Amino acid sequence: DGAGLLRLTSGSYAIETPANINRLEVSGGTLGGSAEVTVTNSLSWVAGTLSGGPLNIATGAAMTISSGNGHDGRRTINNFGLVTWTADSQWIRHTDSVWNNKPGSTWIWQNDSEWWDGVINNEGTIVKTAGTGTKVLGNFFNSNMRFNQNGVLEIQSGTVRLDNSGTWNGPTLVGTNGVLQ
């Protein structure tokens with residue numbers, strides 16, 4: 001649109017050369033391709049599939065994961081900025097999928113959604129701020145779910161349940177209304 005917006009609502013779009021994208025909106029379809037993609041301002045992920053090469057959320061950029069639709073992640077996501085997961089929706093990950101929450105980054109969970117399969121490497125801060133139910137980090141398609149906690153995990157509300165293994169070297173802050181299972 002001239003302002004650096006890439007909008008995907010259906011079908012497939014493949015990025016095959018490294019790209020910096022100012023604003024990215026995915027509300028359906030598949031964003032694929034083998035190249036590394038860096039979002040420099042904002043990413044709105046309402047539904048659809050992210051597959052292919054690494055996707056970077058730059059320092060100072062923000063990503064919002066919203067709606068009750070399923071989100072299918074099939075690529076490595078490197079968060080250097082701020083990610084907010086706002087609505088209850090399943091996040092289906094696959095064996096080759098990795099979420100890297102980098103030092104200095106923040107990932108806010110404002111729901112009780114489920115995260116299935118893949119790997120979460122937390123070196124930044126993850127905060128569960130809303131929801132009184134249980135957020136499950138577990139296995140669905142395989143037994144490869146790993147949560148490697150080397151940053152800060154803060155549970156202000158509800159329960160975080162870990163159904164598989166990983167490493168645990170960072171602090172966990174559990175508030176009055178929070179539970180870690």
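A salt bridge here is a side-chain nitrogen of Lys or Arg within 4 Å of a carboxyl oxygen of Asp or Glu. By that criterion the side chains of Arg-161 and Asp-163 form a salt bridge, at 2.9 Å from N to O. The model is predicted, so local features need pLDDT of at least 70 and side-chain atom pairs count only at pLDDT 80 or more, while totals for chains, interfaces and linings use all residues. Residues are numbered from 1 along each chain as its sequence is written, and side-chain values use heavy atoms, with hydrogens and water left out.

**Salt bridges**

- The structure holds four salt bridges, including that of Arg-161 and Asp-163.
- Arg-161 is partly exposed at 31% relative accessibility, and Asp-163 is partly exposed at 36% (buried means under 20% relative accessible area, exposed over 50%, partly exposed in between, with a 1.4 Å probe and protein chains only).
- Arg-74 and Asp-72 meet through their side chains in another salt bridge, 3.0 Å from N to O; Arg-74 is partly exposed at 37%, whereas Asp-72 is buried at 15%.
- A salt bridge of 2.8 Å, N to O, joins the side chains of Asp-112 and Lys-128.
- Asp-112 lies in the loop between strand E14 and strand E15 (115-116) and Lys-128 in strand E17 (residues 125-128), so this pair ties together parts that are 16 residues apart in sequence; strands (E, at least two residues) and helices (H or I, at least four) are DSSP runs numbered from the N terminus.
- Lys-128 has 0% relative accessibility and counts as buried.

**Aromatic pairs and cluster**

- There are four aromatic pairs in the structure (rings of Phe, Tyr and Trp, the last by its six-membered ring, pair if their centres lie within 6.5 Å; planes under 30 degrees apart count as stacked, over 60 as edge-to-face and the rest as tilted).
- One of them is the stacked pair of Trp-99 and Trp-107, with 4.2 Å centre to centre and 15 degrees between the planes.
- Trp-107 also pairs with Trp-109, edge-to-face, at 5.4 Å centre to centre and 85 degrees between the planes.
- Relative accessibility is 0% for Trp-99, 0% for Trp-107 and 0% for Trp-109, and each counts as buried.
- Trp-85, Trp-99, Trp-107 and Trp-109 make up one aromatic cluster.
- The charged end of Lys-135 sits over the ring of Trp-85, 3.7 Å from its centre, and over the ring of Trp-109, 4.9 Å from its centre (NZ of Lys or CZ of Arg within 6 Å of the ring centre and within 35 degrees of the ring normal).

**Nonpolar core**

- The largest nonpolar core has 34 residues, of which Trp-99, Trp-107 and Ile-120 touch the most other members (a core is a set of buried Ala, Val, Leu, Ile, Met, Phe, Trp, Tyr and Cys residues joined through side-chain atoms within 4.5 Å).
- Among the strands that each supply at least two residues of this core are E1 (5-8), E3 (19-26), E5 (37-45) and E14 (106-109).
- Strand E5 gives the most to this core, with four residues.

**Surface**

- Trp-168, which is partly exposed at 36% relative accessible area, lies in the loop between strand E20 (152-162) and strand E21 (172-180).
- Arg-23, in strand E3, is partly exposed at 24% relative accessibility.
- Arg-23 and Thr-172 are 149 residues apart in sequence and 33 Å apart in space, C-alpha to C-alpha.
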